[in-house]
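I am opening a notebook on a structure that is new to me. The entries below follow the order in which I looked things up.

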Amino acid sequence: MTVRYHQFAGEWQSWRDGFERRLSERAAVDLDPLLTRPHGVEAAITPLQPRLDQVHSAVRAIEIPKPQPTDLAPLLAAVAGIHIPPQREPDLNPLHDRLAALEQALRDVPAPAPVPAPHVRAGSRNLLVSAVHGKPDNLQKIHGVAHGRIERDGWVAQAIRLAQESDSARQPAAA
């Protein structure tokens, strides 16, 4: 608790003590006039009593009609005339036949071919020992393989052109 809280609590207690002291110093209130019936009210109500009696009699004389019985025979006849056909079990044989055909078709799907071992040299993740997809490309078709540099001899452009030839290795499927 903070100092401000203690200060506020002290101010509140001081106010409450003062309020209770002032309240106890007040004189007692005489409630006897309120507990006895005032005489002036009796005199004011007396001339209105005959009129109140008339209103009371008029309200009691209002006749509320009794509800007439409703003939439900036409409604009951209409409800009885409704024909609900008996519920039939649906024929599920065509559905079962179709499901059996689908299950058989799934059983006839051949198992996928085993995935070949990677064509990577032992101890290296980057050097291939053979072509991964089909027969290996003839790298001798690229000018400068034996003596040149990639930029000077245009290896990238040559590789793109050679990849489009009919005897080049097929491209791997996109994963």
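**Entry 1: salt bridges.** I started with the rule: a salt bridge is a side-chain nitrogen of Lys or Arg within 4 Å of a carboxyl oxygen of Asp or Glu. By this rule I count four salt bridges. Side chains of opposite charge can pair when their charged atoms come close.

**Entry 2: ground rules.** I noted that this is a predicted model, where local features need pLDDT of at least 70, side-chain atom pairs count only at pLDDT 80 or more, and totals for chains, interfaces and linings use all residues. Residues are numbered from 1 along each chain as its sequence is written, and side-chain values use heavy atoms, with hydrogens and water left out.

**Entry 3: confidence.** I looked up pLDDT, the predictor's confidence in each residue, from 0 to 100. The protein has a mean of 82, and 83% of its residues reach 70 or more. Helix α3 (residues 39-45) has the lowest confidence, with a mean of 75. Helix α5 has the highest, at 94. I keep a caution here: where pLDDT is low, the predicted coordinates should not be read in detail.

**Entry 4: overall build.** I took helices (H or I, at least four residues) and strands (E, at least two) as DSSP runs, numbered from the N terminus. I found eight helices and zero strands. The order from the N terminus is therefore plain to write, α-α-α-α-α-α-α-α.

**Entry 5: burial and surface.** Of the 175 residues in the protein, 4% are buried. Accessible areas come from the Shrake-Rupley method with a 1.4 Å probe, and for residues only the protein chains shown count as cover. The protein exposes about 17,000 Å². Carbon and sulfur atoms supply 62% of that area.

**Entry 6: contacts along the chain.** A contact means heavy atoms within 4.5 Å. I took the contacts between residues at least 6 apart in sequence, and 22% of them join residues at least 24 apart.

**Entry 7: two bridges inside helices.** I checked R21 and E25, whose side chains meet in a salt bridge at 3.7 Å, N to O. They sit four residues apart in helix α1 (residues 3-25), so about one helical turn separates them. R21 is partly exposed at 45%, and E25 is exposed at 57%. Next I checked E103 and R107, which meet at 3.9 Å, N to O. They are four residues apart in helix α6 (residues 93-107), so about one helical turn lies between them. E103 is partly exposed at 45%, while R107 is exposed at 56%.

**Entry 8: E165 and R161.** I found a salt bridge between E165 and R161, with the closest N and O atoms 4.0 Å apart. E165 is partly exposed, with 29% relative accessibility. R161 is also partly exposed, at 43%.

**Entry 9: S168.** Is S168 buried or exposed? I find it buried, at 19% relative accessibility. S168 lies in the segment after α8 (155-163). For polar contacts I used a pair of N or O atoms within 3.5 Å; within protein, one must be able to donate a hydrogen and the other to accept it, and residues adjacent in sequence count only if both atoms are side-chain atoms. A polar atom of the S168 side chain lies 2.9 Å from the backbone oxygen of A163. The backbone oxygen of E165 also lies 2.9 Å from a polar atom of that side chain. Leaving aside neighbours within four places in sequence, S168 is in contact with D137, L162 and A163.

**Entry 10: K141.** Which residues does K141 touch, not counting those up to four places away in sequence? I list Q158, L162, E165 and D167. K141 is in the loop between α6 and α7 (150-153). K141 is partly exposed at 33%.

**Entry 11: a nonpolar patch.** Patches are made of residues with over 30% relative accessible area and no salt bridge; like charges are joined within 9 Å, nonpolar side chains (Val, Leu, Ile, Met, Phe, Trp, Tyr) within 5 Å. I found one formed on the surface by L72, L75, L76, V79, I82 and I84. Together they have about 650 Å² of accessible area. L75 lies in helix α5 (residues 73-80) and is exposed, at 52%.

Terms used:
Buried means under 20% relative accessible area, exposed over 50%, partly exposed in between (1.4 Å probe, protein chains only).
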